[in-house]
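Biologist: I'd like to go through the pockets and the surface of this one. Can you put it up and start with what you count as a pocket?

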Amino acid sequence: MTELAIYDMDRTITRTGTFTPFMIHAALRLAPWRLVFVPFAVLVMLAYAARLIERKRVKELNQAMLIGRMRIARLRPVAESFAEKMVTRNSYRKALESLAENRAAGRRLVLATASSRLWVEPIAAKLGIDDVIATSTIKGLDDFVSHKVDGENCYGPAKLRMIQAWMGLEGLDRSDCHIRFYSDHVSDVPVLEWADEPIAANPHQGLRAVAKARGWTIVDWD
């Protein structure tokens with residue numbers, strides 16, 4: 001039996017979301033003039049809140065404004081410095097303890113998040129996480145990364161599909177796996193329902209209500 005401990009990242013391990021903080025972090029270090037687009041990025045978020053555009057498109061538009069088309073080699077050290085900041089200053093201590101406990105128990109640690117691989121992979125490496133399932137951006141043969149999302153945004157039902165696809169690539173049979181899944185958000189209910197041990201970590205009001213109704217484990221790491 002393969003034991004997996006799968007974690008959402010934003011507000012499950014980290015105290016805050018990471019998309020906007022990374023956009024600002026990268027703009028400040030690579031092209032501060034792009035901060036003039038911050039008000040427009042806010043308008044994009046409002047358009048999403050009003051259901052005028054999809055979440056995937058929010059990411060594409062805001063990354064286009066605040067980072068643009070960028071060489072991977074230039075982004076890498078920026079992502080590394082951001083990861084260091086997130087792990088040392090913006091992570092729940094008890095989440096780090098949970099990761100350590102699952103690692104010590106021999107479970108394979110997996111991060112499944114809607115955030116971008118651009119900064120998720122360095123964070124995962126610093127946390128000692130084995131595998132990453134995340135939203136990807138299109139990368140060209142010319143070593144440039146685009147603002148365009150490659151495939152699905154790893155969010156909601158798409159996250160479950162992406163986890164299942166990853167398991168297939170890894171040769172993991174669902175019937176031979178025991179899966180713990182940790183998340184703070186109701187959008188992850190499809191994965192929580194599918195897991196053997198659904199754990200609502202730092203749940204917001206919507207997920208807390210669902211978890212209580214279904215008898216799922218609730219942990220508060222704040």
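Modeller: A pocket here is an open set of grid points with protein on both sides within 12 Å along at least five of seven lines, and lining residues have an atom within 4 Å of a point. Keep in mind that this is a predicted model.

Biologist: Which residues line the second largest pocket?

Modeller: Its lining consists of Ile 72, Leu 75, Arg 76, Ala 79, Glu 80, Arg 117, Leu 118, Glu 121, Pro 122 and Lys 139. Two elements, α4 (72-89) and α6 (117-127), each give two or more residues to that lining. The largest share, 5 residues, comes from α4.

Biologist: What classes of residue are in there?

Modeller: The second largest pocket has 5 nonpolar and 5 charged residues in its lining, and no polar ones. Its volume is about 170 Å³.

Biologist: And how much space is in the largest pocket?

Modeller: The largest pocket holds about 530 Å³. It is lined by 23 residues, and those closest to its centre are Asp 10, Arg 11, Arg 55, Ala 114 and Tyr 155. Two or more lining residues come from each of α1 (19-30), α2, α3 (55-66) and β3 (108-116).

Biologist: Now the surface. Which residues make the nonpolar patch?

Modeller: Phe 40, Val 42, Leu 43 and Leu 46 form a nonpolar surface patch of about 400 Å². Leu 46 sits in helix α2, residues 38-49.

Biologist: Why does Leu 46 count as exposed?

Modeller: Because its relative accessibility is 52%, and exposed means over 50%.

Notes: Residues numbered from 1 in each chain as written. Predicted model: local features only at pLDDT ≥ 70, side-chain atom pairs only at ≥ 80, totals over all residues. Heavy atoms only, no water. Patch = residues over 30% accessible without salt bridge, like charges linked within 9 Å, V, L, I, M, F, W, Y side chains within 5 Å. Areas by Shrake-Rupley, 256 points an atom, 1.4 Å probe, with all protein chains shown as cover. Salt bridge = Lys/Arg side-chain N within 4 Å of Asp/Glu carboxyl O. Helix = DSSP H or I, 4+ residues; strand = E, 2+ residues; numbered from the N terminus. Buried < 20%, exposed > 50% of the residue type's maximum accessible area, 1.4 Å probe, protein only. 1 Å grid on protein atoms, 1.4 Å probe; cavity = no way out; pocket = protein on both sides within 12 Å on 5 of 7 lines; lining within 4 Å. Points joined across faces, edges and corners; volume = space filled by probe spheres on them. Nonpolar A, V, L, I, M, F, W, Y, C, P; charged D, E, K, R; others polar.
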